[in-house]
Amino acid sequence: MSVALMSRREVIAALLALGLDPLRIVRGCEAHVPQSGPHPVPRPGIDASKVVPAERLRDSPRALTAFNEVRQIPAIVDGIRCHCGCASAEGFYSLLSCFEGDGMARMCDICRGQGRLAFRLNRSGKTLAEIRAAIDDRYG
Amino acid sequence: MRGSLIAVIAASSFVAHVPVARAQLMASEAGAVSQTVDGTKIAVEYSRPRARGRTGLFGTRIHWGEVWTPGANAATKLSLSADATINGAAVAKGKYSVWLVVSRGDWEMVLDRDTLLFHTQGPKVRPGQVRFAVKRETRPFMETLTWWFPDIGSTGATLAMQWDTVYVPLRISVPASYTRSVSPEAARSAVGTYRMHFEPMGPPGAVDTTLVAEVEKPPTDVTFTIRHERGELRAVMDPPMFATESGYRDWILLPTKGSWYSLGRIDRGELVEVFDFASLRFDTAGGVASGFEYRSRGDDLIAKAKRVP
């Protein structure tokens with residue numbers, strides 16, 4: 001993308017270090033239609049073994065942080081409904097699902113944002129209920 | 001007369017939905033134009049007749065009193081992805097065939113829900129139609145009938161049609177995708193002056209620095225002064241995010257989801273852009289905000305601000 005084709009808005013996004021592809025940042029998960037619904041119950045014994053490993057995220061350096069954070073709190077993230085719209089997709093159970101398999105959270109800043117917010121709030125001692133409320137407030 | 005005969009034959013084929021083999025070349029080629037304004041898409045599909053040496057088309061080829069589609073072949077179609085107003089008339093979202101009642105005096109536009117009409121099938125008055133007056137102007141001759149958007153604003157656009165020397169502008173207003181008003185109670189805790197610090201750029205390699213280096217970089221520390229004015233939260237950034245271009249000094253805080261705000265930038269008094277890739281939340285304790293964080297949708301911290309005592 002040349003400078004001439006890059007708006008200041010995109011420059012701002014890039015300058016603010018939001019990722020490699022400003023258009024991807026701005027658009028987010030536009031393939032999905034957000035739908036409200038209840039948060040899922042974390043599955044007993046759930047772990048992060050299916051979360052995309054770091055070595056498969058070399059092409060997504062910014063996403064790496066979110067995946068690494070989610071990997072540390074699978075039981076929390078499994079109790080959160082994703083607000084980007086993927087919650088209704090086949091095979092998706094919780095926000096954790098966005099970080100598993102093909103790792104669609106690599107492409108979706110809403111998924112990553114929810115994961116990172118969950119991690120940040122968990123580290124500051126918030127309960128799952130409080131984290132859900134904060135995520136609903138921001139992304140719901 | 002020959003043209004009328006062709007039109008009748010074509011209309012018969014059209015109405016009966018009989019597949020007709022036809023060459024690709026058409027006297028009035030298909031065209032389309034669309035424009036999105038604040039999330040509302042406005043689109044026109046039409047066929048484009050050419051004057052082909054004819055002048056003074058209106059009142060001669062297109063007779064006064066005729067219900068004429070501003071196009072050719074199948075009726076011209078207008079679609080709106082959201083409810084809007086055209087020349088002040090409410091138009092529900094959807095697709096319409098477009099007609100003009102042409103006369104020596106004022107013209108009337110008719111939007112009809114039947115979009116399968118041929119150009120010879122101008123609709124009669126019936127429920128569901130939208131009718132409103134349009135003004136016509138005289139402009140330098142234009143060979144091919146053209147629809148276009150000569151003017152785009154933040155709340156709407158002008159959609160215009162011209163053929164020959166007749167120019168018909170339509171003022172379309174679209175619904176705002178954002179809310180501007182903030183209650184005095186909510187505003188009270190936010191109003192004040194803040195020292196705002198932008199976080200440094202991301203990890204090496206995340207941004208093409210050679211590209212960014214060619215564009216003015218925003219300052220890392222600014223003063224952000226928020227006031228409540230006419231029901232809105234307005235702010236001034238000093239120094240502005242970009243000094244060499246207008247529109248980065250004055251801001252508006254637009255309430256979004258929950259307790260979050262988006263920043264919109266004001267250029268010469270008009271809201272011209274909403275930064276929807278990030279939002280701002282105040283840290284409020286005891287009824288007064290001590291500061292705020294500005295975070296991307298991906299929860300990256302973009303800037304942090306502390307109230308100036």
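Q: What do the buried residues of H3(A) pack against?
A: They pack against helix H4 (74–77) and helix H5 (109–123) of chain A. This is a predicted model, where local features need pLDDT of at least 70, side-chain atom pairs count only at pLDDT 80 or more, and totals for chains, interfaces and linings use all residues. Residues are numbered from 1 along each chain as its sequence is written, while chains are lettered from A and ligands numbered from 1 in the order in which they are written.

Q: Thanks! Which residues of H3(A) are buried?
A: A:Arg62, A:Ala63, A:Thr65, A:Ala66, A:Phe67, A:Glu69, A:Val70 and A:Arg71. Buried means 20 or more other C-beta atoms within 10 Å of a residue's own, with C-beta atoms placed from the backbone.

Q: And how many residues of chain A count as buried?
A: 49% of its 140 residues.

Q: How many helices and strands does chain A have?
A: Chain A has 6 helices and 0 strands. Both are DSSP runs numbered from the N terminus: H or I with at least four residues for helices, E with at least two for strands.

Q: Switching to chain B, which strands form the closed barrel?
A: The 8 strands run E12-E13-E14-E15-E16-E17-E18-E19, with antiparallel pairing; strands pair if DSSP finds at least two bridges between them.

Q: How many bridges join E15 to E16 there?
A: 6 bridges join E15 (residues 250–255) to E16 (residues 260–267) in chain B. Across that pairing, B:Asp250 stands opposite B:Ile266 in E16(B).

Technical notes
Buried ≥ 20, exposed ≤ 12 C-beta atoms within 10 Å, placed from the backbone. Contact = placed C-beta atoms within 7 Å.
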